[in-house]
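Biologist: Hello! Could you help me learn to read a sheet and its confidence scores?

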There are 2 protein chains.
Amino acid sequence: VLTPAELDRLCVVLVNSRNPLNIGAAARAMSNFGFPHLRVVHPYAVAFHEARSAVNAGPVLIAAEQFEQVAEAVADCSLVVGTTGGARRDLHEPLYPLEATAEIVRAHLRSGSRVALLFGSEKVGLSNQDLSHCQLLLRIPTRTEHPSMNLGQAVAIVLYELVSNELVRQTEAEAPRAPAPDPSLAQPLAQPLATAGERERLIAVLLEALSFNGYAHRATDALMEDKVRRLVRHLALTPSDLREWLGLLRQLLWKLRATKSPPPQD
Amino acid sequence: VLTPAELDRLCVVLVNSRNPLNIGAAARAMSNFGFPHLRVVHPYAVAFHEARSAVNAGPVLIAAEQFEQVAEAVADCSLVVGTTGGARRDLHEPLYPLEATAEIVRAHLRSGSRVALLFGSEKVGLSNQDLSHCQLLLRIPTRTEHPSMNLGQAVAIVLYELVSNELVRQTEAEAPRAPAPDPSLAQPLAQPLATAGERERLIAVLLEALSFNGYAHRATDALMEDKVRRLVRHLALTPSDLREWLGLLRQLLWKLRATKSPPPQD
């Protein structure tokens, strides 16, 4: 069973939620299964206010934190998981069934890492921009003819799976089917990963260097930003490795700044 | 996986539901997981009418059957299962966790029996009278401090468990431990990692950029080379990601070369 400390390391992040009933339902399921931390990103303000001030709003909803950007909402989390109906073909990240994802999430919570679970808006789910913050994606096994779930129900099912498979495993504890450790694995499992916030610092330095044109850095376009974020996300960096990369890249940036500026190229 | 014929033998029975949104949410989850038969017993008439005539009412809701008594609604079913928060002490029937109940329900559906799954009203759940029709009771593993679930979420979780554990079992039966996703790794294991030779190309570009001093590249010292090699090794890069990094780092190197050379610093 997940301990209170482990439950405490998971954040449910609702992005662009529009319906106060769904926000309320998500909070209720969190309370049912013992997960205290709800974060909402750029919610429809009236919906969030309404959900929060409902007479039956529980402690989860009252303690919910509000953010303007996904990046801020996941900054202290080292594993960021997105949810999707899975109908999209343009996904860059591995798409796992919920059951497998739950194993990964529990392993991270156990190792002391914070985990963010992202749920998109009722209408369109998570955007490509939102997904660019996710290291892996999960899919609830719905029918292909009708994959799109109600938000509150999707949250409930994911949290149930996190809590319950655990119970099943406990029951079957005599025959533990421990995931075979992968030989090609670079990271020892014990090492926690860097947080999303730490990764963003690395991304910022890379983008500044890549957009350096001799004068100052121009705004990088969104495509490049998504690309760099995806590449950095793939790296599975530990905090200490991340610091070393940051040091190296800053050296490169200083070199670029130190050289005389050529005339602008356009 | 449950076959269409097996899915067809399960009836979700909502007893005394009061909220049209909950009836609609239950029907939506049924559609998500492929269960076509919804029955409602003595619903609040306005609620049922409202749910059914909603513009987005799907086929499940439109085909829903209405009954006045539980006895009529379950008359053609050989297994009748009730759901409960489990806080009650006056239960006469065995109370199983959801996971175990799902196994029993699937076995009945396979054997050709019809199964009814009863869900009570939002306020009080199933009455003693309702429970008297049930052969076994299931409990969703919610916290004892907050056991009572939203009706639509409870239906979604029970149907998910019926469908999904099945998938897990199938996967395990076919390929013992399909790509055991690794906790610390964002990459699916199916993807091979880049070779050491490919990594060396990346290392070479990095070292050249780091040792660039305005003229040409001087020999980097061995310590730096070891450090960069170690950092790159940790990255667990796939071949395609490696190529992308190589492209980005070459851009940086070109920028360095394109700038005017400052005087040598020593």
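Biologist: Which residue in S3(B) does Val40(B) stand opposite?

Modeller: Val40(B) faces Gln66(B) in S3(B). This is a predicted model: local features need pLDDT of at least 70, side-chain atom pairs count only at pLDDT 80 or more, and totals for chains, interfaces and linings use all residues. Residues are numbered from 1 along each chain as its sequence is written, chains are lettered from A and ligands numbered from 1 in the order in which they are written, and side-chain values use heavy atoms, leaving out hydrogens and water.

Biologist: How many bridges join S2 to S3 in chain B?

Modeller: Strands of a sheet pair through backbone hydrogen bonds, either parallel or antiparallel. Here, three bridges join S2 (37–41) to S3 of chain B, and these run parallel. Two strands pair if DSSP finds at least two bridges between them; helices (H or I, at least four residues) and strands (E, at least two) are DSSP runs numbered from the N terminus.

Biologist: In what order do the seven strands of chain B lie?

Modeller: The order is S3-S2-S1-S6-S4-S7-S5, in an open sheet with parallel pairing. Strands S3 (65–67) and S5 (95–97) of chain B each have a single partner strand, so one side of each lacks a neighbour in the sheet.

Biologist: Where is pLDDT under 50 in chain A?

Modeller: pLDDT is the predictor's confidence in each residue, from 0 to 100. Where pLDDT is low, the predicted coordinates should not be read in detail. In chain A, pLDDT stays under 50 over residues 167–190, while the chain averages 81. Strand S1 (10–15) of chain A has the highest mean among that chain's elements, 97. The model scores ipTM 0.75 and pTM 0.76.

Conventions
Contact = heavy atoms within 4.5 Å.
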